[in-house]
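This report concerns the packing of side chains in the structure shown below.

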Amino acid sequence: RSESQRSLLIESVLRIQPRMGEKQRAATEVLVFQQAEDILNRLPNNITDLNRERGKGVDFLNYSRTSGRDLKYLARPTKKCSPLETVLRHEVRRFNSLLSAVKHSTSRLVAALKGEEVMSDALQNVFESLSVNQVPKSWLEKSYVSCMPLGRWIVDLVSR
């Protein structure tokens with residue numbers, strides 16, 4: 001509860017700060033534009049889903065730990081998906097959904113800052129979040145729980 005109150009307080013303080021003048025707005029637009037392009041360049045491609053054909057699943061239950069964190073999966077055909085494979089499929093879909101949302105809104109923001117697209121309310125919210133180094137709410141709705149600022153959140157997202 002204290003974490004949500006802290007977040008609410010920080011959001012309130014950031015929102016009541018005085019609005020920018022024209023020169024500040026232009027400088028902020030340039031910084032957000034560069035930041036958005038950097039995000040787009042750093043994001044990985046969507047993860048290819050596991051083979052969906054029945055009988056072509058991977059047997060994740062049979063593995064051997066050879067060196068620390070390395071798992072060698074024995075990919076042999078199974079008729080049913082293992083519980084681990086089912087969870088992995090769900091996580092891959094959720095992660096791909098998050099990646100798609102971040103890529104879509106960031107590329108639309110870049111287009112809007114270039115003047116190629118109209119700045120909608122959703123894009124304005126993304127712009128304001130990036131300008132104060134916060135993860136946009138539209139991304140957090142699809143994201144894993146995190147209290148990191150934007151820069152560290154992107155690094156964490158890419159490493160995942």
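In helix α6, the buried residues are L150, W153, I154, D156 and L157; buried denotes under 20% relative accessible area, exposed over 50%, and partly exposed the range in between, with a 1.4 Å probe and protein chains only. Viewed down the axis of α6, these buried residues fall within an arc of 165°, so they line one face of the helix; the arc is that of the directions from the helix axis to the C-beta atoms. The exposed residues R152 and S159 are carried on the face of α6 turned away from its buried side. Helices are DSSP runs (H or I, at least four residues), numbered from the N terminus.

The model is predicted: local features need pLDDT of at least 70, side-chain atom pairs count only at pLDDT 80 or more, and totals for chains, interfaces and linings use all residues. Residues are numbered from 1 along each chain as its sequence is written, and side-chain values use heavy atoms, with hydrogens and water left out.

**Aromatic rings**

Rings of Phe, Tyr and Trp (its six-membered ring) pair if their centres lie within 6.5 Å; planes under 30 degrees apart count as stacked, over 60 as edge-to-face and the rest as tilted. By this rule there are 2 aromatic pairs, listed here.

| Pair | Centre to centre | Angle between planes | Class |
|---|---|---|---|
| W139 and W153 | 5.8 Å | 20° | stacked |
| Y144 and W153 | 6.1 Å | 20° | stacked |

W139 lies in helix α5 (residues 137–140) and W153 in helix α6, so their pair ties together parts that are 14 residues apart in sequence. Ring pairs link W139, Y144 and W153 into a cluster. W139 has 0% relative accessibility and counts as buried; W153 is likewise buried at 0%, and Y144 is buried at 16%. The charged end of R160 sits over the ring of Y144, 3.7 Å from its centre (the criterion is NZ of Lys or CZ of Arg within 6 Å of the ring centre and within 35 degrees of the ring normal).

**Nonpolar core**

A nonpolar core is a set of buried Ala, Val, Leu, Ile, Met, Phe, Trp, Tyr and Cys residues joined through side-chain atoms within 4.5 Å. The largest one has 23 residues, and those with the most contacts inside it are I39, L109, L130, W139, W153 and L157. At least two of its residues come from each of α2 (22–42), α3 (83–114), α4 (121–131) and α6 (150–159). The most is given by α3, with 8 residues. Leaving aside residues up to four places away in sequence, L130 touches V32, Q35, A36, I39, L109, P136, W139 and L150, where contact means heavy atoms within 4.5 Å.
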